[in-house]
Amino acid sequence: MNQSVILECRDVWKLYGPNAETFLKNTPAPKKGDLGRAGLIGAVRAANVQIFKGEIFVIMGLSGSGKSTLVRCLSRLVEPTAGEIHFEGENLLNKTDKELIQIRRSKMGMVFQQFALLPHLTVLENAAFPLDVQGVPKAERLARAQEVVELVGLKGREGYYPRELSGGQQQRVGIARSLAVEPDLWFLDEPFSALDPLIRREMQDEFIRLQNMLHKTIIFITHDFDEAIRLADRIAVMKDGAIQQVAKPEELVLNPATDYVAEFTRHVNRAKVITAAALAEPLSGDSFSGTVPANATIETIGDRVEAAEHPFHVEQDGEVIGQITRSAVIDVLVGRR
Amino acid sequence: MGRWLTSGRVFWLGLFAVTWLLSQYSFQLYKALDARWIIRYPKKWQLPLEDSISGFLDWLVETANFYFFTFRDLTRAIAAVLEAPYQFLRNLLIEGFTTGYGDSAVQLAPSLGWVAVVVCVIAIGHYARNWALAALVGACFLYLAVFGQWHSAMITLASVLIAVPIGAVGGLFLGIAAYRAPWFNRLLQPVLDLMQTVPVFAYLVPILILFGFGPVAALVATVIYAMPPMVRITILSLHSVPEEIQEAGRMAGCTKRQIMWKVLVPSATPSLMVGVNQVIMLSLNMVIIASMIGAGGLGFDVLASLRRLDIGAGIEAGLAIVVMAIALDRASQAFAERSQRNLPEGNLLQRHPWSSTVLLVILANLVLGRFVPALQTYPDAMTLTTGPFWSDAMEWINVNFFDTFEAIKVVVLQGLLLPVKKFFSGIPWAWGIIATGLISWRIGGWKLGVMAALMMAFIAASGLWAKAMITIYLCGVSVLIATVIGIPLGIWAAEKPAAGRVILGFMDTLQTLPSFVYLIPVVMLFRVGDFSAMIAVVLYALAPAVRYAAHGLRDVPEQMIEAGVMSGCTKRQLLWRVKLPLATPQLLLGLNQTIMLAISMLVITALVGTRDLGQEVYIALTKANAGQGIVAGLSVAFIAIVADRIVNALAEGQRRRLGL
């Protein structure tokens with residue numbers, strides 16, 4: 001794959017506690033025990049991440065794993081203790097407040113877990129808020145806000161106040177607001193965690209629909225592994241402030257880098273993650289019941305392969321790369337593999 | 001036995017025993033050792049603070065200058081800035097606008113007139129909430145007109161209308177500054193503590209010296225008195241805006257200024273309005289006290305009739321203040337709870353129905369008032385007065401129940417007040433300082449212990465020990481009684497919702513009454529002295545004890561109660577074993593508030609002849625001795641601060657023990 005890096009963080013640390021900076025200068029690569037002895041808490045430890053243009057990058061971990069702090073370091077809402085963050089090739093940490101405001105006004109958007117809508121503004125005014133602070137004339141910003149409000153499906157509720165909306169609708173406003181400036185980089189901090197499971201599902205579909213239209217670069221935080229595999233191109237798993245593994249969902253399940261990741265992925269429904277390519281084996285006969293694409297998950301092709309008499313061809317870029325058998329599919333479906 | 005005697009119990013029992021012994025036998029001790037310093041702080045060790053403060057003020061007024069202008073010029077400038085809008089409001093509400101002076105004065109426009117003002121407040125009431133509120137505030141203002149209090153009430157209203165915006169906006173800006181700069185916050189907190197605990201009387205004199213007798217001095221005093229809660233509420237409500245909302249503002253690319261004014265302040269508006277309500281209520285509370293340095297209006301009427309012992313007129317004017325307080329309180333609370341509504345569509349008239357109606361009424365009133373004077377000024381012939389009724393009622397009560405009241409008074413005095421007084425007055429000053437230090441150390445750690453001991457030492461060194469002990473005794477007894485009455489009432493209110501509505505509603509009303517108002521009936525029934533002071537203080541300080549008890553019990557998590565019920569608790573066990581222990585932190589906070597209110601009321605009861613620090617402050621006021629007033633005022637403040645810190649430390653410890 002030939003993709004350009006839009007955001008990259010190199011060896012980013014965020015320590016909380018007294019004299020964190022001097023400590024880190026004197027002890028360049030402290031272990032967890034070192035931090036504890038110095039009375040420091042390592043919210044983010046030695047994080048290295050590259051984010052490619054147009055991908056959905058999910059940072060995933062349990063509460064307290066540092067994922068929220070990491071994303072706040074990436075957007076510089078939180079000042080990292082050490083490290084470099086390169087956004088479009090320039091170190092974000094060297095930017096002055098003024099430059100940072102300019103970057104946020106034009107290139108970044110963020111959606112928050114508790115929605116963070118301004119209670120005194122209507123839906124439309126909330127969506128127009130980022131344009132308002134830039135000094136965009138009223139008619140123009142309201143017109144643009146109208147567009148994004150319609151985009152997220154809230155047409156007809158422009159004049160409502162946040163407290164008059166359900167949680168799902170409030171988050172739609174949050175999404176509309178973050179899209180108002182047409183950001184290149186879109187942060188979503190556990191956007192659906194505060195919602196009921198049914199609404200969460202619906203919002204995930206909505207999110208996928210939006211992304212198919214907009215093709216943004218997305219950094220998505222979640223503690224829900226199912227949500228992560230559903231949405232992610234790549235996933236970073238965090239624990240105690242450190243990134244355990246960065247990989248595609250399938251790889252994470254098939255080749256977990258640490259015991260922690262393995263434990264995490266053990267109960268995942270593998271059929272949703274594993275693709276035909278992973279099960280492909282050398283061709284062994286002449287009769288085939290059909291062809292499946294290499295990147296199709298077992299969940300989507302399982303029924304067909306299992307019901308057919310013969311194996312299927314696995315095809316990638318118009319070329320057959322192997323076959324997929326009934327027993328291989330059943331292995332995955334019953335959890336043997 | 002051995003298990004019962006924990007180290008804590010040994011400490012408290014021992015401390016009490018030593019204090020009691022020293023208090024009982026201090027006189028004998030002094031005789032035996034021939035050491036008079038034991039019972040009386042030696043004069044030659046006294047700090048010359050009073051004179052230095054008075055001297056400093058004199059220097060400030062007479063000679064201080066800042067190169068370009070003198071201090072005098074500064075105070076004059078402040079006075080001028082306050083005077084102009086105040087005079088404008090007076091013209092608007094009472095005197096009308098004129099040009100020229102004396103005989104050559106020509107009236108340009110009359111004042112608003114009572115009809116216009118009543119319509120205005122009705123409009124405000126409806127705008128803030130609904131027709132019910134509009135009717136209430138309208139009725140309140142109508143009352144002022146019908147009962148002949150209009151003129152004084154409008155003077156009071158004018159000063160409140162000036163003091164409130166200054167207090168609210170000033171408080172807002174100070175709060176914002178403290179929110180932004182931690183060092184400023186650290187600087188501000190002790191100042192706020194002092195502003196809220198130093199009795200008002202104490203800074204009336206310096207204000208009098210700086211600004212002279214008159215409405216401006218009264219306005220300055222009112223603003224100083226009413227501002228601190230606004231500052232605190234601003235800091236608190238800015239801090240309680242959710243972190244995410246602030247981050248959303250930053251991610252939208254807000255500058256620091258935009259974060260403050262477009263994100264934080266609007267998000268915090270509902271809580272800020274609570275602060276504004278506080279400022280209004282405190283400004284009204286100051287009305288009577290401020291009239292001592294020239295405020296005029298209703299407060300002056302109360303004060304004057306108290307001095308004349310004109311019961312009827314005093315109650316009438318006092319009631320008028322209460323009525324106004326209720327109207328302003330309810331209206332401002334409604335504004336605090338008011339949520340944004342969508343503007344109606346249409347032309348200017350349709351979009352602003354109230355503004356246009358009010359404007360029309362004012363214009364019509366202006367024109368019609370020329371021909372029908374009754375619309376302009378409420379006709380005297382139609383006023384009602386309740387003065388004689390109150391006088392007669394009081395007289396009747398006094399004639400028929402004198403013996404009963406006297407008996408109650410004597411019993412309480414002999415059985416409670418005098419023994420407690422003797423105990424506190426007997427404590428030798430040196431031991432008093434040590435004991436306060438020990439208590440504070442035991443409860444709040446050595447820092448608090450040292451601070452408390454130093455503060456008590458300051459009181460002793462100012463030669464005010466004996467008076468301070470009277471303050472502590474009166475305050476202690478009143479708080480005890482208020483708690484004994486208040487907590488059961490609070491429990492009752494929490495357990496029985498129907499009773500709760502009545503009780504809490506009544507407490508709300510009690511809290512809207514200016515503190516002075518409590519004095520009127522008490523003096524009428526019990527005349528002057530410690531007993532009357534105690535009754536007034538108990539009445540004034542009751543509300544927080546009730547409220548916090550009720551809230552504390554109601555806030556006990558439902559699950560805990562269910563766990564209690566399922567364990568087979570009876571109702572009584574549920575109360576004593578589950579609810580009350582969990583509510584202790586709240587009860588302690590209530591106690592804290594009760595103590596603070598008791599101390600602030602105690603100073604005012606100096607008017608009914610107590611001999612405590614309040615009296616010292618009041619004497620300083622009548623003699624215009626700034627130094628004496630400030631030193632005594634600081635002593636009161638120190639007692640309040642020590643009490644506050646101790647009770648807070650207790651509450652904090654309890655919270656930690658309960659893991660809340």
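A:Asn19 is found in the loop that runs between β1 (5–16) and α1 (20–26) of chain A, where helices (H or I, at least four residues) and strands (E, at least two) are DSSP runs numbered from the N terminus. The model is a predicted one, in which local features need pLDDT of at least 70 and side-chain atom pairs count only at pLDDT 80 or more, whereas totals for chains, interfaces and linings use all residues. Residues are numbered from 1 along each chain as its sequence is written, and chains are lettered from A, with ligands numbered from 1, in the order in which they are written.

The phi angle of A:Asn19 is near 55 degrees, a positive value in a residue other than glycine. Most residues other than glycine have a negative phi. A:Asn19 has 13 C-beta neighbours inside 10 Å and therefore counts as partly exposed; by the criterion applied, a residue is buried if 20 or more other C-beta atoms lie within 10 Å of its own, exposed if 12 or fewer, and partly exposed in between, with C-beta atoms placed from the backbone. A:Glu88 is found in the loop between β4 (82–87) and β5 (90–91) of chain A, and with 15 other C-beta atoms within 10 Å it is partly exposed.

The secondary structure of chain A comes to 14 helices and 13 strands, and its C-alpha atoms fill a box of roughly 70 × 60 × 35 Å along the principal axes. Of the 337 residues of chain A, 42% count as buried. Among its contacts between residues at least 6 apart in sequence, 66% join residues at least 24 apart, a contact being counted if the C-beta atoms of two residues, placed from the backbone, lie within 7 Å.

Chain A is divided into domain 1 (5–269) and domain 2 (272–334), with bounds that come from an automatic or database domain assignment. Taken over C-alpha atoms, the centres of these two domains of chain A are separated by 36 Å, and seven residues of domain 1 are in contact with five residues of domain 2. On the domain 1 side, the largest share, four residues, comes from helix α10 (residues 249–254) of chain A. The residues of that side divide into five nonpolar, one polar and one charged, where Ala, Val, Leu, Ile, Met, Phe, Trp, Tyr, Cys and Pro count as nonpolar, Asp, Glu, Lys and Arg as charged, and the others, Gly among them, as polar.

An open sheet of chain A is formed by three strands in the order β11-β12-β13, with mixed pairing, two strands being paired if DSSP finds at least two bridges between them. Its edge strands are β11 (290–293) and β13 (319–324) of chain A, each of which pairs on one side only. Strand β12 (residues 312–316) of chain A pairs with β13(A) in the antiparallel sense over five bridges, and A:Glu315 stands opposite A:Val320 in β13(A).

The contact between the chains takes 20 residues from chain A and 19 residues from chain B. On the chain A side, α4 (97–107), β6 (108–111) and α5 (123–133) are the elements that give two or more residues, and the residues of this side divide into twelve nonpolar, six polar and two charged. Ten of the eleven residues of α5(A) are buried, so this helix is largely enclosed by the rest of the structure. The cover over its buried residues includes α4, α6 (138–151) and α7 (167–179) of chain A together with α11 of chain B. Just after α5(A), A:Gly135 takes a positive phi of about 85 degrees.

In chain B, the domain assignment gives domain 1 (82–96 + 108–338 + 346–383) and domain 2 (402–428 + 464–658), whose C-alpha centres lie 28 Å apart. Here 29 residues of domain 1 are in contact with 27 residues of domain 2. The largest share of the domain 1 side, nine residues, comes from α13(B), and the residues of that side divide into 23 nonpolar, four polar and two charged.

The largest nonpolar core has 303 residues, and those with the most contacts inside it are B:Leu204, B:Ala221, B:Met324 and B:Val617; such a core is a set of buried Ala, Val, Leu, Ile, Met, Phe, Trp, Tyr and Cys residues joined through C-beta atoms within 7 Å. Helix α23 (residues 530–554) of chain B gives the most to this core, with 18 residues.
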